[in-house]
Amino acid sequence: MSDRNGNPQDPDNGPESPHRLIEARLQKMAELGESVELYPYGFDRSHTSEQMRADEKSLTEAETKVRYPGRIMAKRGTGKTLFVPVQDERGTVQAYFRKDDLGDEAFHRVQKLMDIGDWVGVEGKLFRTRTGELSIHVEDFTFLSKAIRPLPEKYHDMSLENRCRRRYLDLAMNQESRERFRRRSEIIAEIRAFFAEEEFLEVETPVLQSLYGGATARPFKTHHNALDMTLYLRIADELYLKRLIVGGLEKVYEIAKDFRNEGMDRTHNPEFTMLECYAAYWDYHDMMDLMERLMRRLARGISADGKLKYGEVELDFSQPFGRIRFMDALQDKTGRDLMAADDEEVAAVAREHGITLKKGMGRDKILDELFSELVEPGLVQPTFVMDHPKELSPLAKAHRETEGLVERFEMFVAGFELSNSFSELNDPREQRERFVAQKALLEAGDEEAQQLDEDFLQAMEQGMPPTGGMGIGIDRLVMLLVDSNNIRDVLLFPHMRPEQS
RNA sequence: GCGCCACUAGCUCAAUUGGCAGAGCAACUGACUCUUAAUCAGUAGGUUCGGGGUUCGAUUCCCUGGUGGCGUACCA
């Protein structure tokens, strides 16, 4: 944007010195306001653009008068006629104005005083022009709202920055943007329907928390004035949802914003939408099955065969998802059995693969790095990666067979992580030990380590049944389903630095 | 965080080696009764992101601040 620094041509400069383009529109408003209501209170719509296209034949044959509101997207005049594409949410239908039909004064209003970007309601019969454009032969029209700022140019895409900063313009100008956000809403509705059928209860837990937990991440801090205390914006719902399991709610889920005080890039926004679900008596195998059912259903909602195009690749959700063990995948890539390897050997293998080791990186952290580097990029088709090293998962239950591992899986697809799940740790003694270990990390300066949550431990001490839990990154899921490679495409208002003068 | 690149009219973009700051769309005036990126004739629109420097002269070179894009690091 060129006007971000508030120069005198900036139309944001306010009423003191209106921009010339705004001035022109204000003058039209003044003239228009003498004869019509500029901002009326409603409009009685008979048809949407979509309905007119669907029912064109019957509407035309019956010579039905339609009443259709929308935004003016262009004006093409040929003297005493005027063609005006009028856009509603799902499409555009052209309005055809004739001076002979409307009279000089009304025609002047539409030809001279109505601008691109204004809202209008037109009334008339549907027909096709000689060139085949679906049109309304206007008999009467109503101003619905006057725009005093111009719309962006119609023929080139807006810059990504402008599309995000001024999403309303992106939506106004781009049908595919409107459709994409409609898809997002439908996907989330479908997810809710799925969880309802699976008999999960949708719940809401606090965003403002005095202790943050349930994930390894740095939080946002805020302050409660009346209580004069520091509060954190949640980084996960986990510890609250587990309290509900303790309480006897057997299947719960929440779709909510989490906040993590970390970097931003094409797959990360500081606030993002997370789904977490917990089911009593389940383990991570049950959660894998649930995830597979969910993904198959969502994929089939888009294409009947369960295969989705994502960028250059075709993702197949119709077949059983791949299942590999974390350590086996590493062994495949390194040719070494790292399960048996000691810390020195693991570090050596990491160096062989060009991984820079930092101070304080434990064995499990190094394994995680190796995995991200060697295995993750190759996980294109939906795959469950199972049975992770223990240290990285302080809330997961120890593996029932293998020492040093936990019962956990992450689902990967298209090279990124879509969900994360455990057989949840429910032994309060072990949970306390793990928190104490995390606390040590925290005190050693690891800002992402988890805090000891005494209230949560007390809940667990009350008895928590065996439980399966899972988190799904909804924004990434939507990216996958709408074939987008940037999180900003699926967030209406992604975080942007404020513009400054 | 770090590195590279970008920022010029309301929007999308040009401008040769440091030498008069331009186009398309949008706007304004006029012509045109089936146009569709309407067309035709004309008009207007600029603190070249902010600040500093070098120079006879800076959109152009240097320093600094801002915002963005891409890569990288952390993370979902």
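Chain A carries 69 positive and 93 negative side chains, and the centres of these two sets lie 6 Å apart. The model is predicted.

**Overall build**

Chain A contains 16 helices and 19 strands. Its C-alpha atoms fill a box of roughly 90 × 55 × 50 Å along the principal axes. Of the 501 residues in chain A, 48% are buried. The accessible surface of the chain is about 25300 Å², and carbon and sulfur atoms contribute 47% of that area. Among the contacts in chain A with a separation of 6 or more, 64% are between residues 24 or more positions apart.

An open sheet is formed by three strands in the order 8-10-9, with antiparallel pairing. Strand 8 (208-209) and strand 9 (220-224) are at the edges and have a single partner strand each, so one side of each has no neighbour in the sheet. Strands of a sheet pair through backbone hydrogen bonds, in either a parallel or an antiparallel sense. Five bridges link strand 9 to strand 10 (residues 229-233). Within this part of the sheet, K221 has Y232 of strand 10 as its bridge partner.

**Strands 13 and 14**

Strand 13 (residues 307-310) and strand 14 (residues 313-316) run antiparallel and are joined by four bridges. K309 stands opposite E314 in strand 14. The two strands make a hairpin with two residues between them, and G311 in the turn has a positive phi of about 60°.

| Strand 9 and strand 10 | 220-224 and 229-233 | antiparallel | five bridges |

**Helix 12**

Which residues of helix 12 are buried? In this helix (residues 343-352), V346, A347, V349 and A350 are buried. Viewed down the axis of helix 12, the buried residues fall within an arc of 160°, so they line one face of the helix. Exposed residues on the other side of helix 12 are E344, R351 and E352.

What do the buried residues of helix 12 pack against? Their packing partners are helix 11 (326-334) and helix 13 (363-375). Just after helix 12, G354 adopts a positive phi of about 75°.

Note on methods:
Residues are numbered from 1 along each chain as its sequence is written. Chains are lettered from A and ligands numbered from 1 in the order in which they are written. This is a predicted model: local features need pLDDT of at least 70, side-chain atom pairs count only at pLDDT 80 or more; totals for chains, interfaces and linings use all residues. Side-chain values use heavy atoms; hydrogens and water are left out. Buried means under 20% relative accessible area, exposed over 50%, partly exposed in between (1.4 Å probe, protein chains only). Contact means heavy atoms within 4.5 Å. Accessible areas come from the Shrake-Rupley method with a 1.4 Å probe; for residues, only the protein chains shown count as cover. Lys and Arg count as positive and Asp and Glu as negative; His and the chain ends are not counted. The place of a charge is taken as NZ of Lys, CZ of Arg, CG of Asp or CD of Glu. Two strands pair if DSSP finds at least two bridges between them. The arc is that of the directions from the helix axis to the C-beta atoms.
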